[in-house]
Each structure stands twice: as structure tokens, then as C-alpha cells.
Amino acid sequence: MIVSTRTVYLETMGCQMNMLDSELVLGRLRQLGYRPVDDMAGADVVLINTCSVRDHAEQKAYSRLGALKKPKAARPEMVIGVIGCMAERDPDGIFEKTPHVDLVCGPGELSRIPAMIEEVLETRQKLVALSENKSRRNSLLARAVDHDSVEALDLSREAGLPEQVTQAYVRIQRGCDKFCTFCIVPYTRGAERCRPPQVIVDEARLLAEHGCKEVTLLGQTVNSYAFPENGRRVGLADLLERVNAIEGLERIRFVTSYPGDFTDDILQAMRDLPKVCEYLHIPVQSGSDAVLKRMNRRYTVGRYEELLARARETVPGIALASDFIVGFCGETESEFQASFELVERARFKNLFCFKYSPRPTTVADRRLPDDVPDTVKRARNLAILQLQERISLADNQSFIGRDVDVLVEGFSKAAVKAQEAEQFRGSEVGWRRADQLVGRTRGDRIVVFSGSQADIGQVRCVRIQSATALTLFGELTPAAVANTVTPRTADVRRTTGP
Ligand code: SAH
Ligand code: F3S
């Protein structure tokens, strides 16, 4: 094993899957002696983990790469790598637009990063590693590296783990087979592949042994999880049961769910397994059946609302979250209204709303005109966000006077600001004290309160005193201060005691 003394700067854009990928790459590099640094321009190796889901995300990556042009000219020995979905989607475009990039590596080949860095340094050739299909096709501008197993990186997790972790992601599934017509993910992350249950359980146990209290099982459509075992199918509900049995873990989440084929056994598992949190992120995308059809979403609005009702009935106190796209190809005013009305009826805890962004190679981009003007997309986006902001505020205000269980994540300011900026772009960001702690309830509600370093990584009981649309504010209950409670209940089941 070559041990390096180099510094590495890794920046992550996009989804939770990318955050996990970055953690694994950085863990592997740290294990090889690399030292992570915050100074991008001064680092020996710079990696940008990119997202392709909307054009905006790609522009952001190019802007970061642009900032590296001068440092690279001054220090040509610097290695610049573009990894993740944009790397997979458009390797040639990256080398053309940013010729100072040395290596491009898709999300399925990240275990190759250390070897690629060495090879770049040795040969000064540009390198590209893409999924098997694409490597065969070969990039025109760089030499393709051989295909390797994508599992290797996940399995190297132990070596890169920090001493203490509170929360962690565990991949249960890669890729996606749904092919929603707007979505680039099936092209950048490939076909759906489920990891074996034993590997997942072992990884979650390893995390628990490192002090981890909460694991989030990750996949694009986690409710489709299926793995054959001794002639029977292990599904998500079975997996939840096995992870629930791991000692030391306190909370289990899973994202993202797909509204089609969402079976009741998963809801029952959420109800019956004490560690599984009462939180479901289940993107609907649109409230119009005609739009859902154009999107190739394989359910109707009626079926979706039935699912929400079943979830609320089976899992008391469940918090529901969703994603919407506005301004999809051909979206009429009345089709948009249908989305607006669904938001009004559904009473989500929160939602993410995106303006449709055509992605090259997707079916929508090839077959449907992107005919909703950007000004209309923007207005529709704002209308939905403002409506949801009112709903979230009312929902959060209903917690005032109640006690909630909070897994404390750390000091508050940065975390809260990032979340608000992402969700209600353009709305007022409230003032926060930097010495306050932030954590989440089981229903994924953000709670800010005063406490100490010792509370970080613990579940604490907090009495809610005030609320904004995105944040609950409170104080530790006297019992929590005395550390005499170990609460384990859903957000709304618990009420303030006498
Ligand atoms: N199942 C995935 C979805 C990945 S994309 C998951 O784990 O979340 C995340 C969200 O981005 C989608 O739910 C959708 O609302 C949005 N999105 C995807 N493609 C988009 C596009 N072309 N334009 C705008 N928003 C998009
Ligand atoms: Fe994308 Fe649809 Fe899969 S949104 S990740 S193709 S479920």
C-alpha cells in the first residue's frame, strides 16, 4: 500500500447518495495517508463530487471548477478530479469546458480514485472511469480505466470511519429502473441493484459499534428493495426488522420511497419496530394524472392519496414529505392547480419543489418540448413553496407546549441556515444564536435549544416553546436536564405532563 502525505479537498454537491459516496472516498484516502483540508486552491488533490439532476447543479460544479483554473496554472502538479453524476453524464464536455481537469470518475467507479490519482501523477495523462457500458464506448478525450466492482468502496467503510459518529447513511440499493421521463439518475447511476441484507446489517452494526445512533438506509426507490435468500424474498420490511435488532442503534430512517408498489408491510414495520422513525419521504412530483403519465410515474393521484391515508392510519404521528416538479413539459394552468390543491389537501410536513430542468438523453428531453416559460415555472414554484410554508408553520405551531425527543446533531447556526436556504429559497432566514444546539425529532422536525457539548450525539427531551415553518425552538425538560428519561415515542403522541 502506498502511503501518501498529500492534502485533499473534497466538495460535495447534490443528494444523500453523493454525501455517502464522498464520505467513503475521503475515508479511503485518509486511510492511505491523505490529509483532508478546507483550502481548495491550496490542496494537492481536489475532488468535486457533482450532481446532474438539474442544470443548475451542473452550472454550480462548473463555477467551482472555474475557480481552480488559476491555482492549477500556478501549480500544475495539482490533481483535479470530477466525480459523481456529471462525470458519468458528460465526461467529454468536462474535458472540453475545463481542460485543467485531470480525472473524471462516475459514481460506480469511485473505488478507483486512489489508483487514478497515482496514475495521473505518474503519467500526466487524463483519465476517465465510467460504468461498464460507457467505458466500452470510451471517452474520446481520455483513456478509459478498467471496470471494477462498485461494492469495494462500500466494503472499505470500516477503515475510514471516524472515532465517533452519531448519524450515518447505509446504502441498500444502487441505481434505478423506474425511468421517470424527466430523470437522469437511471442513466448516471445505472440499473437498480440491491445489496445483500447481511452486508447491510453488518455495516449498520459496525456503525453502531462506533457509537452511531441513527442510520438512514439509502436508495432511489427503497420500497422496491428485494433480495433473494434461501428461496424467499427479503424486502424492505424484513430489512428494517433486522436492522432494528442491532444493539446501540436508536433510530432508523429510509429514503427515498416511490409511491407505486408501496406495500403495507412497510407501514406495519414502521408502526411495530421501535427504532424505525415515523417519517416517510415519498415524492409525488405532480397532482395531475395527465402530468404523472407524461412523467411515466406509475401511479395516480388517487392512489397516492390513498397511500398517505393508509400511512396516517397505520402509523400514528407519521410525518410525510414530498417532492414536486413544476413547469414540466406541457403543464397547463389547471394541471398546475391540481398540484397546488394536492399540497393543500396532503398537509405534508415539508416538501421540495423544483422547476423542471430538461436533462439530455432523458425521454422527456428527446420527445417533449420544454414549453413552460421560466417566469411561469418560477411563479408556480413560489406559489407552492409559499403555500407549504403556511402549512409547515401551522404544523410546527401545533407542537408548542409539547415535549419531543431530539437526537442532538451539533451546534445550530450553519445547519439551520443551510436547510432554510435549500428549502425556501428567497424567504427570510431567521436569526439564530450560534451557541444553540440543533437536532431532529423522530418525524424529522428540526429543533433548536440551549444545551451543552455533552448533549451532542444523545437523544434529549425538549419542550417546544415557539416555532417557525422550518424550526421548533425549545428548552430541555427538567427530566432531560437530569438525564432521567429515555423517550422513544413518535412526535405527536407525547404531550406535556402535569
Ligand atoms: N428517487 C430519487 C429521486 C432523485 S432526484 C431520490 O432519492 O430522491 C430528486 C428529486 O429531484 C426528484 O424527486 C424530483 O423532484 C427532482 N428532479 C429530478 N429530475 C428533475 C428534473 N429534470 N428537473 C427538475 N427536478 C428534477
Ligand atoms: Fe429518478 Fe424516478 Fe428513479 S425520479 S431516481 S427515475 S424513481
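Where is the place of threonine 256? In this predicted model, threonine 256 is in the loop between β14 and α13 (264-272). A cis peptide bond, with omega at about -5°, joins valine 255 to threonine 256.

The pairing of strand β11 (residues 214-218) with β14 is parallel and runs over 5 bridges. Within it, valine 215 has isoleucine 252 of β14 as its bridge partner.

## Buried residues and their contacts

Methionine 13 is placed in the loop between β1 (7-12) and α1. With a relative accessible area of 3%, methionine 13 is buried. The C-alpha atoms of methionine 13 and isoleucine 48 are separated by 7.8 Å, although the two residues are 35 residues apart along the chain. Leaving aside neighbours within four places in sequence, the contacts of methionine 13 are Asn18, Ile48, Asn49, Thr50, Cys51, Ala57, Lys60, Ala61 and Arg64.

Aspartate 102 lies in the loop between α5 (91-97) and β5 (103-105). Is aspartate 102 buried or exposed? Its relative accessibility is 7%, under the 20% limit, and aspartate 102 therefore counts as buried. Beyond its neighbours within four places in sequence, aspartate 102 is in contact with residues including Lys72, Arg124 and Lys126. Met78, Val79, Ile80, Phe95, Val120, Gln125 and Leu127 are also among the contacts of aspartate 102.

Threonine 188 is found in helix α10 (residues 185-188) and is buried, with a relative accessible area of 4%. When neighbours within four places in sequence are left aside, threonine 188 is in contact with Ser52, Cys85, Glu88, Arg89 and Pro107.

## The surroundings of ligand 2

Which residues surround ligand 2? The shell consists of Cys176, Lys178, Phe179, Cys180, Phe182, Cys183, Val185, Pro186, Gln220, Thr221, Tyr258 and Arg297. These residues divide into 8 nonpolar, 2 polar and 2 charged.

## Aromatic pairs

Across the whole structure, a search finds 8 aromatic pairs. Two of them are set out below.

| Pair | Distance between ring centres | Angle between planes | Geometry |
|---|---|---|---|
| Phenylalanine 324 and phenylalanine 348 | 6.1 Å | 70° | edge-to-face |
| Phenylalanine 328 and tyrosine 356 | 4.9 Å | 80° | edge-to-face |

Why does the pair of phenylalanine 328 and tyrosine 356 count as edge-to-face? The planes of these rings stand at 80°, and an angle over 60 degrees counts as edge-to-face, so the pair is given that name. Phenylalanine 328 lies in the loop between β16 and α16, and tyrosine 356 in the loop between β17 and α17 (363-367), so the pair ties together parts that are 28 residues apart in sequence. Phenylalanine 328 is buried at 0% relative accessibility, and tyrosine 356 is buried at 5%.

Phenylalanine 324 and phenylalanine 348 likewise link distant parts of the chain, 24 residues apart. Phenylalanine 324 is in strand β16 (residues 319-326), while phenylalanine 348 is in the loop between α16 (333-346) and β17 (350-355). Both phenylalanine 324 and phenylalanine 348 are buried.

## Backbone with positive phi

Asparagine 230 is not a glycine, yet its phi is positive, at about 45°. Asparagine 230 lies in the loop between β12 (226-229) and β13 (232-235) and is exposed, with a relative accessible area of 78%.

Asparagine 296, which is not a glycine either, has a positive phi of about 60°. The loop between α14 (289-294) and α15 (301-314) holds asparagine 296, and at 28% relative accessibility asparagine 296 counts as partly exposed.

Technical notes:
Residues numbered from 1 in each chain as written. Chains lettered and ligands numbered in written order. Predicted model: local features only at pLDDT ≥ 70, side-chain atom pairs only at ≥ 80, totals over all residues. Heavy atoms only, no water. Near = heavy atom within 4 Å. Nonpolar A, V, L, I, M, F, W, Y, C, P; charged D, E, K, R; others polar. Helix = DSSP H or I, 4+ residues; strand = E, 2+ residues; numbered from the N terminus. Buried < 20%, exposed > 50% of the residue type's maximum accessible area, 1.4 Å probe, protein only. Contact = heavy atoms within 4.5 Å. Pairing = 2+ DSSP bridges. Phe/Tyr/Trp six-rings, centres within 6.5 Å; stacked < 30°, edge-to-face > 60°.
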